[in-house]
Amino acid sequence: MIAPALKEKSAYRALFESTHTNGNSAPSWVEELRENALERFDELGFPTVDQEDWKYTNVASIAKNTFTFATGRRDIAAELAPFIYAEAKSSRLVFVNGVYRADFSSIASLPAGVVVVNLREAFSGEHAETLRGYLARSRAEDEDAFTALNTAFLGDGAFLLVPKGVRVDAPVHLLFLADAAGEKPIAFPRVLIVAERGSEATVIESYAAIDESVYFTDAVTEIFVGEGARLVHYKVQRESERAFHIAQTHADLGRDSVFDSTTITLGAQLSRHGINVQLDHPGVECHVDGLYLVGDGQHADTHSIIDHRQPHCASRQNYKGILDGKSRAVFNGRVFVRRDAQKTDAVQSNKNLLLSNEARVDTKPQLEIFADDVKCAHGATVGQLEEEELFYLASRGLHPELARNLLTYGFAEELIEKIKIESIKTQLDEAILNRLNARLEA
Amino acid sequence: MLEIRNLHATVDGNEILRGINLTINKGEIHAIMGPNGSGKSTLAKILAGHPAYEVTGGEVSYEGQNLLELEPDARAREGVFLAFQYPVEIPGVSNAQFLRLAYNEKRKHLGEEELDPLEFKDLLAERAKVVEMEPSLMSRSVNEGFSGGEKKRNEILQMAVLEPKLAVLDETDSGLDIDALRIVADGVNKLRTAENAIILVTHYQRLLNYIVPDFVHVLYRGRIVRSGGKELALELEEKGYDWIKDESEAAPAGAARA
């Protein structure tokens, strides 16, 4: 057992050291973060199925694989179109294999004062102190090996700072694209979003691939929403179906702020998304929603924590899963209502639709309440398409495949409907209805 | 148009239909009446191809084809329509989307061009008048949160859009108040032509005051035990079903008049 673990660790240690010979120098506080995180990763090692939190998701295939930093830098300008959202055509940052590409990025349409830069550039310069105050503040690397590994390789990423009272109308799109080009690349996307007091913004994080290749994305996003600020966050994961995607989102919500997150999971052979939402101020309203749609050979895991620590906060969590073929999904959602979190209003729901007999889902919604004056509800379901519904549609002349697709679409509709970005909606319509999509606009 | 010969059927292993014989020509309206449990709804569902019902004997010929060999969706595209006794709710799919998909499936089958959303909207607005359907119900999910009357009207709206050759209305009158019944019945009457045929499955004579049948058949214990004109329904209304039960139990099996 010990030998392979050592091998993995030394592999990442070697990778770490190699980056330092490649002009990866950074201010000492960044160096310190990296060093400490790598040490922490060495201590933690990759999680195993013996750990409760990783019981259903075996990352041995990540641990055993050898990933390296991509060596090529192709001009893929002509191949970008399918990954670009029209709504964010001049408010986007593009990263290829984890490396910032100024040549594909454009931030022309952002209001004055809004900072959207490559993280590395912000290590020094006018916003360095602000950045330093927030980066890695969640301390998630202490507990989570994948976050530690990401922090050890801090470099390129996105830093978004919306100053006090500023409203950003255009969504900011952070595109993380994989272009394996025959290699098995690893990328450590890092996103830091700071929405200051009274500001408003929408951020789309999307993960995609040029082709169906094997690679590993280890992403970390930290979000800080200030007092009275509103942040809408989309995470759209449509990696290659052979890829590994491990991501951790951490959100810290200020007094009377509103946070609305929607996580769409379509890709990767193995994906895990941890989302940790801290409601440590009164009056917060948050929506933590998600839709996972997986098919043959895919495994999608969601682990979420919604932590009510202060009174008068409301949280809504609605996760839906559609599983086809031989696929597997895990939903583990914990809602904590701490002793001081009186008048909490929390609702959590996880519904799953199994389209095949070989699909399997393990769902575990958990509500842990330590306050006495609260309104909380939670539930989970796992079901199949109803025979009676299929017959009803058939009796109106719909071919069985169309009927299945229509009912599946209907199952996901409430989540699709809440998405305000048309391009994401269209993408989802296509994913669910594939070629039938064009016939559904009514 | 429809020729049912000695039809036997079971559900969950119980024999429900025990030799139905019925001939329906275009332009005709047939009412099928009978006490609860006589097999009326089973017959309706079998014609539409419900998978829970197993045909164990007999034949059904529709427009010269063996209807029983066709899948439910193929039957629908060939012009068979079942108005459900309990219309199904389809969350997340709007009525308009659903109707357009169904309409276009039929158009394609007939080799006609599909209608785009705008073209279909006009058609739908016009057909909705047949059942005095509120436009707001078009953008709502199919039958979700509809009242009982709205659901039944929605069934007739689907019939108006799909223009079936053979429409089977399964207890479309049940649960309707008198105003809703009148609207639904008016709708069906407007859709009646010399080219189509309608089967009304009903427990009560009430509906037949509004949609006047050419023939009335009484189903009891899986067989048609009596057939007649519209006056038979009135007789049933007056005497109840016991009269039929007594009579058919006295007669030897299979001796039904048809």
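**The interface between the domains**

The centres of domain 1 of chain A and domain 2 of chain A, taken over C-alpha atoms, are separated by 32 Å. The domain assignment of chain A, an automatic or database one, places domain 1 at 4-281 and domain 2 at 386-442. This is a predicted model, in which local features need pLDDT of at least 70 and side-chain atom pairs count only at pLDDT 80 or more, while totals for chains, interfaces and linings use all residues. Residues are numbered from 1 along each chain as its sequence is written, chains are lettered from A in the order in which they are written, and side-chain values use heavy atoms, with hydrogens and water left out.

Between domain 1 of chain A and domain 2 of chain A, about 970 Å² is buried, with 65% given by carbon and sulfur atoms; buried area is the accessible area (1.4 Å probe) that two parts lose on being put together, summed over both. Of the area that domain 1 of chain A buries against domain 2 of chain A, 46% comes from Tyr85(A), Glu87(A) and Tyr234(A), more than from any other three residues.

The interface of these two domains holds 1 salt bridge, a side-chain nitrogen of Lys or Arg within 4 Å of a carboxyl oxygen of Asp or Glu. Asp260(A) forms a salt bridge with Lys418(A), their closest N and O atoms lying 2.6 Å apart.
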